[in-house]
Amino acid sequence: MFKISDFSIVNGRFTIKKDSYALSQIKSVKVVENKVYSHLIKATVTSVIASSILWLFEPFSTPWGFSINAGLVALLFTFPVVLFLSIIRSKYQLQVEFEHQDEVGLQWITVASGRAVQELTAFKRVEQDLARDIV
């Protein structure tokens, strides 16, 4: 659980627990409240990626006389697991728009996530402080 004391902005660096980011590379900041839709998208994408290699193999026979693809089994197993973990892990996220030094460019990255209302309050306060400090 994140507390306001876990965040600091000192000497041009934004620090969260042991992670540190240069303020010059942070372009924007936002607090996101994840809805069911975002959890479904995350679970779908993760499950498809996790099961994708298994779609290449030929279907295997079951004892009941029909064939089934291993990719389908993996998809049906990973989707509810990832959905459940996503829902219980992150209701609120603190995200920063970070400019990488290589060809990746600008990218929104999640720097902190949580479920408690106290964490949401801390994230909003950090969002205000960061928005003031980045120019």
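The charged end of Lys-30 sits over the ring of Trp-108, 4.3 Å from its centre. A charge is taken to sit over a ring if NZ of Lys or CZ of Arg is within 6 Å of the ring centre and within 35 degrees of the ring normal. Lys-17 likewise lies over the face of Phe-2, at 4.6 Å from the ring centre.

This is a predicted model, in which local features need pLDDT of at least 70 and side-chain atom pairs count only at pLDDT 80 or more, while totals for chains, interfaces and linings use all residues. Residues are numbered from 1 along each chain as its sequence is written, and side-chain values use heavy atoms, with hydrogens and water left out.

**Aromatic pairs**

Rings of Phe, Tyr and Trp (its six-membered ring) pair if their centres lie within 6.5 Å; planes under 30 degrees apart count as stacked, over 60 as edge-to-face and the rest as tilted. By this rule the count comes to five aromatic pairs. The ring centres of Tyr-21 and Phe-98 are 5.8 Å apart and the planes stand at 75°, so this pair is edge-to-face. It links distant parts of the chain, with Tyr-21 in strand E3 (residues 19-22) and Phe-98 in strand E7 (residues 92-99), 77 residues apart. Helices (H or I, at least four residues) and strands (E, at least two) are DSSP runs, numbered from the N terminus. Both Tyr-21 and Phe-98 are buried. Ring pairs also join Phe-2, Phe-7, Phe-14 and Phe-123 into a cluster.

**Helix packing**

Two packed helices are described by the angle between their axes and the distance between the axes. The axes of helix H1 (residues 36-51) and helix H2 (residues 70-89) come within 8 Å and cross at roughly 145°. Axes are lines fitted to C-alpha atoms, for helices over the stretch in contact, and angles run from 0 to 180 degrees between N-to-C directions. The crossing of H1 and H2 is right-handed, the near helix being turned clockwise from the far one by less than a right angle. Residues making the contact include Leu-40, Ala-43 and Val-48 of H1 and Leu-75, Phe-79 and Val-82 of H2. Contact means heavy atoms within 4.5 Å. By class, the contact of H1 with H2 has ten nonpolar, eight polar and one charged residues; Ala, Val, Leu, Ile, Met, Phe, Trp, Tyr, Cys and Pro count as nonpolar, Asp, Glu, Lys and Arg as charged, and the others, Gly among them, as polar.

**Single residues**

Buried means under 20% relative accessible area, exposed over 50%, and partly exposed in between (1.4 Å probe, protein chains only).

| Residue | Relative accessible area | Class |
|---|---|---|
| Gln-25 | 14% | buried |
| Arg-125 | 47% | partly exposed |
| Lys-17 | 48% | partly exposed |
| Trp-64 | 71% | exposed |
| Asn-11 | 76% | exposed |

Gln-25 is found in the loop between E3 and strand E4 (26-33). Apart from neighbours within four places in sequence, Gln-25 is in contact with Glu-97, Phe-98, Glu-99, His-100 and Gln-101.

Asn-11 is in the loop between strand E1 (7-10) and strand E2 (13-16), and has a positive phi of about 50° although it is not a glycine. Lys-17, in the loop between E2 and E3, has a positive phi of about 50° and is not a glycine.

Arg-125 belongs to helix H3 (residues 117-133). Arg-125 and Ile-4 are 121 residues apart in sequence and 8.0 Å apart in space, C-alpha to C-alpha. Trp-64 is in the loop between strand E5 (60-61) and strand E6 (67-68).
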